[in-house]
Amino acid sequence: MDRLSATDAGFYYAESENAPLHVGSVAVFEGPAPSYGDLVRLLLSKMPQVPRYRQRVREVPLNLGRPLWVDDPHFQILYHVRHTAVPKPGGPEQLRNVAGRVLGQRLDMAKPLWEVWLVEGLEDDRWAIISKVHHCMVDGIAGTDLMQVMFDLDPNAEHTQPRDWSPQRTPSGLEMVAGALTETATAPLRQLTHGPSAVTEGAKGLVGSVRAAASTLPALARQALTPMARTLTGPIGPHRRWAWADAQFDEFKTARTALGGTVNDVVLTAITRGFRDLLKGRGALGADTVVRTMVPISVRREGERGSLDNRVTAVFVDLPVGEPDPVARLTAIRRQMDDYKRTMQAVDARSIIAMGDFVAPTLLALGVRASMQTGQMWCQAVTTNVPGPRVPLYVLGRRMVSAHPYVPIAGGTRISIGIFSYLNSMTFGINADFDAFPDVEVLAEGIRRGVDELVALAQRESATAAR
């Protein structure tokens with residue numbers, strides 16, 4: 001049995017009726033589609049590599065400890081693997097509609113927290129897999145690692161026959177309480193016997209954080225006074241709209257080389273154009289308006305690749321949607337991201353995150369749930385960029401041609417944008433509250449226009465420099 005970390009438990013507690021907290025993706029494959037039975041047998045053969053797929057979350061009575069992962073004695077893979085189709089020939093719009101409905105539905109929190117949907121009927125003899133995994137199990141990097149485990153790197157990969165599995169005994173409520181109390185009493189002692197304790201390291205990180213925060217107080221003050229697009233935040237309903245935009249990785253490299261910054265800076269600049277078009281269409285665009293987005297940052301080390309948990313922190317970036325010049329938008333974003341990089345170097349984010357394990361579980365549960373219900377007005381969007389594999393992936397010999405990410409929304413933030421790179425493509429998956437964003441396609445089209453204008457500017461810059 002494994003206990004959820006404080007970060008993972010936070011995502012578990014944040015789940016609510018109108019805020020499903022799973023991440024997901026829609027992966028499209030070359031045809032023909034496999035049979036439902038073949039897909040089930042493939043996933044069964046992969047289960048030993050991902051034991052978490054047969055486990056569910058069990059809460060400790062009275063929240064005296066963080067929840068545990070326990071084997072589900074009633075695990076049935078046929079519940080988790082579903083089968084559906086769109087009317088032939090299904091185009092992108094039909095696939096988005098089906099994916100939006102599937103991804104908008106909550107997972108059953110009493111079962112292992114994942115689902116896979118086989119979707120048939122796509123045009124050009126293609127098919128798709130819609131996958132859902134709860135955020136308490138994976139972050140973006142771990143989700144990519146999980147995809148590479150469940151899929152194949154070789155189209156001719158051979159798969160073992162599914163093996164029999166017997167669940168471990170589920171502890172009783174009394175045993176869970178006793179284990180939680182024992183861990184609460186002994187965890188600090190165990191830390192002290194293994195060199196510098198997590199508390200000591202966390203305290204050092206906290207001191208660094210205070211020093212870094214002091215140096216950024218002027219920037220934080222400016223953010224507090226900056227006119228934000230507050231109409232983008234508010235209550236979240238039970239339904240979702242889902243859209244996507246596509247680009248090529250080389251387009252961002254071209255813009256980065258000619259205009260400066262990183263690929264991620266260019267990505268955020270293209271997204272800024274999308275939000276600018278959205279607010280302009282709503283008549284809510286001011287000259288100084290910004291859209292503040294939370295940008296998750298992975299603190300996962302290379303040796304920790306493959307572990308299924310959350311190891312992320314976040315920064316808040318003001319997207320200058322009121323700025324008409326795309327180069328000036330890029331410069332403003334680049335400056336903020338450079339400042340954040342310097343701040344992150346001065347802060348041991350991993351130690352600060354680890355200190356969350358010392359928060360009383362009852363307070364953790366109450367605090368997370370209260371904050372989700374209350375909502376917030378500090379940021380209007382979530383934007384997360386997850387690098388995917390640069391090599392082709394296969395399922396039962398069929399090549400994956402594209403994948404679009406799904407990032408949840410919660411806590412008053414009614415729109416999220418997930419960015420995923422695969423081979424030479426970069427895709428944007430936009431998840432939005434159904435009632436708040438009837439114009440979500442304006443944002444998707446605006447992102448594509450943002451890419452086009454940056455590439456055009458880069459090409460002119462390169463042509464000028466070559467003369």
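Predicted model: local features only at pLDDT ≥ 70, side-chain atom pairs only at ≥ 80, totals over all residues.
Me: What makes up the protein chain in terms of helices and strands, and what share of the residues counts as buried?

Reply: The protein chain has 13 helices and 15 strands. Of its 467 residues, 51% count as buried.

Me: Why is Asp277 called buried?

Reply: Buried means under 20% relative accessible area. Asp277 has a relative accessible area of 14%, so Asp277 is buried. This residue is found in helix α9, and, leaving aside residues up to four places away in sequence, Asp277 touches Val442, Gly446 and Arg449.

Me: What makes the pairing of the Asp277 and Arg449 side chains a polar contact?

Reply: A polar contact requires a pair of N or O atoms within 3.5 Å, one able to donate a hydrogen and the other to accept it. The side chains of Asp277 and Arg449 are joined by such a contact at 3.0 Å.

Me: Why is helix α8 called roughly perpendicular to helix α9?

Reply: The axes of α8 (residues 249-259) and α9 (residues 263-282) cross at roughly 105 degrees and come within 9 Å. Angles of 65 to 115 degrees count as roughly perpendicular, and therefore α8 is roughly perpendicular to α9. The contact is made by Phe249, Phe252, Lys253, Ala255 and Arg256 of α8 with Val263, Val266 and Val267 of α9. These residues divide into six nonpolar, no polar and two charged.

Me: Which residues have the most contacts inside the largest nonpolar core?

Reply: This core has 46 residues, and those with the most contacts inside it are Phe252, Ile271, Phe275, Val291, Ile417 and Phe428. Among the residues that Ile271 touches, beyond those up to four places away in sequence, are Leu319, Ile417 and Phe428. A second, separate core of 43 residues includes Leu43, Tyr53, Val57 and Ile129.

Me: Why is Leu396 called partly exposed, whereas Asn63 is called buried?

Reply: Under 20% relative accessible area is buried, over 50% is exposed, and partly exposed lies in between. Leu396, at 22%, therefore counts as partly exposed. Asn63, at 15%, is therefore buried. Leu396 lies in the loop between β12 (394-395) and β13 (398-406), while Asn63 is in the loop between β3 (55-58) and β4 (68-71).

Technical notes:
Residues numbered from 1 in each chain as written. Heavy atoms only, no water. Core = buried A, V, L, I, M, F, W, Y, C linked by side-chain atoms within 4.5 Å. Buried < 20%, exposed > 50% of the residue type's maximum accessible area, 1.4 Å probe, protein only. Contact = heavy atoms within 4.5 Å. Axes fitted to C-alpha atoms, helices over the stretch in contact; angles between N-to-C directions. Helix = DSSP H or I, 4+ residues; strand = E, 2+ residues; numbered from the N terminus. Parallel < 35°, antiparallel > 145°, perpendicular 65-115°, else oblique. Nonpolar A, V, L, I, M, F, W, Y, C, P; charged D, E, K, R; others polar.
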